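Hi everyone, and thanks for coming. Let me put the model on the screen, and then I'll walk you through a few places in it.

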Amino acid sequence: MNPSCRARPAVWAAVLALLLGPLAGTANAADGPSVKLSKSQAGTGGSITVSGGGWRERALLMILICGQAVPSRGVPGGTNSCANADGRAVTTDSKGRFSKKLPVAEPPVPCPCVVHVATVTGAKADADAIFQVAGHAVEPLPADTSGGRLSVLTDTRLDGSGGLLTWFGAPPARTLVFTVGNVGTSDVKNPVFQVGTAHGVFAPQWEEQQWRGSIPPGGKARIELPVELSGGAHGDYTVSLKYGGKVLAEQPWDVGRPWGVPLFWILVCLVVPAALFRIGMAVVDRVRPRPAGGLRHRGLRLPELALRLPGFKPSTAAHAAPPTSTLPWFSPDADPGAAGGRLSAPHDDSPTSPTTPTREGST
């Protein structure tokens, strides 16, 4: 047989392997995200290596050890039942794979425990792997007696708007409105939802809220849950709704900046210095020394003001000319022969004066 003919099967096998390799990887990714652990049991203070595949590429993941959970039921208590302080974040590669070392810590609730991996941003996805924390308490899971299951039937929305107080830094508040239907086989009574708010790339902060009422199988109900942020919050937020350990819906929330807060401080910086300046000037005006003659009179004197008032007839004394001071050279003449004590200006009686007449018989 020709050697080239015998080499053809090997060549075709290599070509098929190259062609089927990406398809196999795509099929594995389509199976959903997965998690693998280097150890199934470890004690507090140790560490394990958590790896996985089938995740979205360049996705930010959060890895936590959670109690009172199994992979089939997820994490019913949410992240409140996880060791959040010892969690780790990791970013997947271009093929959706990751590997990260995780310190072993005891969750706040008893085991059975899982290593819970969930996306932080983008489309929600999670996966769990059974793990035993050595030395940690173990208690059976509460029985799931409810056969009811809720599903969101309409898009969620946020009702409400901000007011004047919100513009000055008050906590923004809205109402999350949605309609759910019971697709199970039994009634759902007083369901407990979890409403989470996340800012940017941070994980949501969950808060449990109970809705009072009963939803029969095949029935639906319109539910309204209050949502409130911290004072002064602004930016892009995401409101998430979770029930039974599964995220049912997400709603973006663009919170405006409270411009009243900087405006208030600008006014304070302008008004306070002006008020202090006025107070200082008033103090200076009171403590400065006064003239010896007493208070100075400004403006019109009282007689002049009375003359200008319509319909007012001042007395004769008011018309009298005010006394004027007599200048030294206009003093009354002391000569007894002066006529009527008239006032005269000083003059020169010198005989040599060209303008002064001389007396007869004078030598």
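**Starting from one phenylalanine**

Leaving out residues up to four places away in sequence, F131 touches L37, K39, S40, Q41, A42, I48, I65, V104, C113, V114 and V115. By contact I mean heavy atoms within 4.5 Å. F131 lies in strand β8, and with a relative accessible area of 1% it is buried. Buried here is under 20% relative accessible area, exposed is over 50%, and partly exposed is in between, with a 1.4 Å probe and protein chains only. Helices (H or I, at least four residues) and strands (E, at least two) are DSSP runs, numbered from the N terminus.

Before I go on, a word on what you are looking at. This is a predicted model, where local features need pLDDT of at least 70 and side-chain atom pairs count only at pLDDT 80 or more, while totals for chains, interfaces and linings use all residues. Residues are numbered from 1 along each chain as its sequence is written, and side-chain values use heavy atoms, with hydrogens and water left out.

Now the overall picture. The protein chain has 5 helices and 18 strands. Of its 363 residues, 26% count as buried. Take the contacts between residues at least 6 apart in sequence: 67% of them join residues at least 24 apart. The accessible surface comes to about 24,300 Å², and 59% of that belongs to carbon and sulfur atoms; those areas come from the Shrake-Rupley method with a 1.4 Å probe, and for residues only the protein chains shown count as cover.

H136 itself is in the loop between β8 (126-134) and β9 (150-152), and is buried at a relative accessible area of 14%.

E106 and P107 come up again with A83, whose contacts beyond four places in sequence are L64, I65, A105, E106, P107 and P108. A83 is in the loop between β4 and β5 (88-91) and counts as buried at 9% relative accessibility.

Next, which strand is largely enclosed by the rest of the structure? That is β13, residues 192-199: 6 of its 8 residues are buried, so the rest of the structure largely encloses it. β13 pairs with β14 in the antiparallel sense over 6 bridges, where pairing asks that DSSP find at least two bridges between the strands. G196 stands opposite W206 in β14. The hairpin of these two strands has 5 residues between them, and there G200 takes a positive phi near 65°. β13 also runs antiparallel to β17 (residues 235-243), again with 6 bridges, and Q194 stands opposite K242 there. F193, in β13, counts as buried at 0% relative accessibility. Its contacts beyond four places in sequence include L150, F178, E207, I223 and K242.

W206 and K242 bring us to the second largest pocket. It is lined by 22 residues, and T79, H116, A118, W206 and K242 lie nearest its centre. The elements giving two or more residues to that lining are β4 (60-67), β7 (113-119), β14 (205-210) and β18 (246-255). The largest share, 3 residues, comes from β7.

How is a pocket defined? On a 1 Å grid over the protein atoms alone, a pocket is an open set of points where a 1.4 Å probe fits, with protein on both sides within 12 Å along at least five of seven lines, and lining residues have an atom within 4 Å of a point.

R58 is not a glycine, yet has a positive phi of about 55°; R58 is in the loop between β3 (47-53) and β4 and counts as exposed at 59% relative accessibility. Q68 also has a positive phi, near 50°, in the loop between β4 and β5, but Q68 counts as buried at 18%.
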